[in-house]
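Work through the exercises below with the sequence and the model open. Each task is followed by a solution in steps.

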Amino acid sequence: MTISKTVAALTAVAALTALAAFAATPSKKMPANSSGVVSISLPGDLGFAFKPGPGSNLANSLCLSCHSEAYVATQPPFNKAAWTAEIVKMRNVYGAKISDDQVAPLADYLTSNYGTP
Ligand code: HEC
C-alpha cells in the first residue's frame with residue numbers, strides 16, 4: 001500500500017468513527033425516556049384522530065391515510081351537502097378508497113361533529 005493510499009484509508013476510518021460517535025450521541029435538547037427513546041411531535045400530530053362519536057371509526061380508518069384530522073377541523077362548519085362534496089372530492093380527485101355506502105355515514109359524522117345541519 002502506498003503512503004497516500006494509507007493516509008486516505010486512515011482518513012476514511014477517522015471520518016466514519018466520528019460519524020458513528022455523532023450518530024450514537026442523542027442530542028441534549030431532545031427529551032428521552034428511560035430507555036433512551038426520543039419522541040418528536042410534527043405539526044398536525046396534536047389531535048391527529050377524529051373526535052370520538054358514532055362514525056369516528058370510519059373517519060379514522062378512511063381519512064387519516066393521507067392527512068391529519070386538522071384538514072377537517074380547520075374548515076368552516078360545512079353543511080351536509082358540502083361535507084358530502086368533500087368526501088366525493090377526496091375519492092374522485094385524490095383517490096381515497098371510499099365506497100358508495102360509506103359516503104352517507106361519513107357525511108353524517110362530519111356534519112354532526114365538524115359542521116352545521
Ligand atoms: C388518498 C388521499 C386522501 C384521503 C384518503 C383523504 N384525503 Fe382529504 N385531502 C387529500 C389531499 C391531497 C388534499 C389536498 C391537500 C392540499 O391541497 O394541501 C386533501 C384535503 C382535504 C381537505 C381540505 C379542503 C380541500 O378540499 O382541499 C379536507 C376537508 C379533507 N381533505 C377531508 C377529507 C376527509 C373527510 C377524508 C375522509 C373521508 C379525506 N379527506 C381523505 C387527500 C386525501
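A residue is buried if 20 or more other C-beta atoms lie within 10 Å of its own, and exposed if 12 or fewer do. The model is a predicted one.

**Exercise 1. Burial of a loop residue**

Task: Locate Phe50 and decide whether Phe50 is buried or exposed.

Solution.
Step 1. Phe50 sits in the loop that joins α1 (3–24) to α2.
Step 2. Inside 10 Å, Phe50 has 23 C-beta neighbours. The cut-off for a buried residue is 20 or more, so Phe50 counts as buried.
Step 3. Leaving out residues up to four places away in sequence, Phe50 touches Ser56, Ala59, Asn60 and Glu69.
Step 4. From Phe50 to Cys63 the C-alpha distance is 9.1 Å, and the two are 13 residues apart in sequence.

**Exercise 2. Two further loop residues**

Task: Decide whether Pro76 is buried or exposed, then do likewise for Lys97.

Solution.
Step 1. Pro76 belongs to the loop between α3 and α4. Its count is 8 other C-beta atoms within 10 Å, so Pro76 is exposed.
Step 2. Along the chain, Pro76 and Tyr114 are 38 residues apart, while their C-alpha atoms are separated by 8.2 Å.
Step 3. Lys97 is in the loop between α4 and α5. Lys97 is exposed because it has 10 other C-beta atoms within 10 Å.
Step 4. Lys97 and Cys63 are 34 residues apart in sequence, with 9.2 Å between their C-alpha atoms.

**Exercise 3. The fold as a whole**

Task: State how many helices and strands the protein has, and what percentage of its residues is buried.

Solution.
Step 1. There are 5 helices and 0 strands in the protein. In sequence order the pattern reads α-α-α-α-α.
Step 2. Of the 117 residues in the protein, 11% are buried.
Step 3. Take the contacts in the protein with a separation of 6 or more: 61% of them join residues 24 or more positions apart.

**Exercise 4. Packing of α4 and α5**

Task: Describe how α4 packs on α5, giving the angle, the distance between axes and the handedness.

Solution.
Step 1. The angle between α4 and α5 is about 130 degrees, and their axes are 9 Å apart.
Step 2. At that angle α4 is therefore oblique to α5.
Step 3. The crossing of these two helices is right-handed.
Step 4. On the α4 side the contact involves Lys80, Trp83, Thr84, Ile87 and Val88; on the α5 side it involves Val103, Leu106, Ala107, Leu110 and Thr111.
Step 5. Sorted by class, the contact of α4 with α5 has 7 nonpolar, 2 polar and 1 charged residues.

**Exercise 5. Packing of α2 and α5**

Task: Repeat the analysis for α2 and α5, and list which residues make the contact.

Solution.
Step 1. The axes of α2 and α5 come within 9 Å and cross at roughly 110 degrees.
Step 2. This angle means that α2 is roughly perpendicular to α5.
Step 3. The crossing of α2 and α5 is left-handed.
Step 4. α2 contributes Ser56, Leu58, Ala59 and Leu62, and α5 contributes Gln102, Pro105, Leu106 and Tyr109.
Step 5. By class, the contact of α2 with α5 has 6 nonpolar, 2 polar and no charged residues.

**Exercise 6. The ligand shell**

Task: Work out how many residues surround the ligand, which helices supply them, and how they divide by class.

Solution.
Step 1. The ligand is surrounded by 18 residues, and the closest are Cys63, Cys66, Met90, Tyr94 and Ala96.
Step 2. At least two residues of the shell come from each of α2 (56–63), α3 (70–73), α4 (80–92) and α5 (100–114).
Step 3. α4 gives the largest share, 4 residues.
Step 4. The shell divides into 12 nonpolar, 4 polar and 2 charged residues.

Technical notes: Residues numbered from 1 in each chain as written. Predicted model: local features only at pLDDT ≥ 70, side-chain atom pairs only at ≥ 80, totals over all residues. Near = placed C-beta within 6 Å. Nonpolar A, V, L, I, M, F, W, Y, C, P; charged D, E, K, R; others polar. Axes fitted to C-alpha atoms, helices over the stretch in contact; angles between N-to-C directions. Parallel < 35°, antiparallel > 145°, perpendicular 65-115°, else oblique. Left-handed = near helix turned anticlockwise from the far one by under 90°. Contact = placed C-beta atoms within 7 Å.
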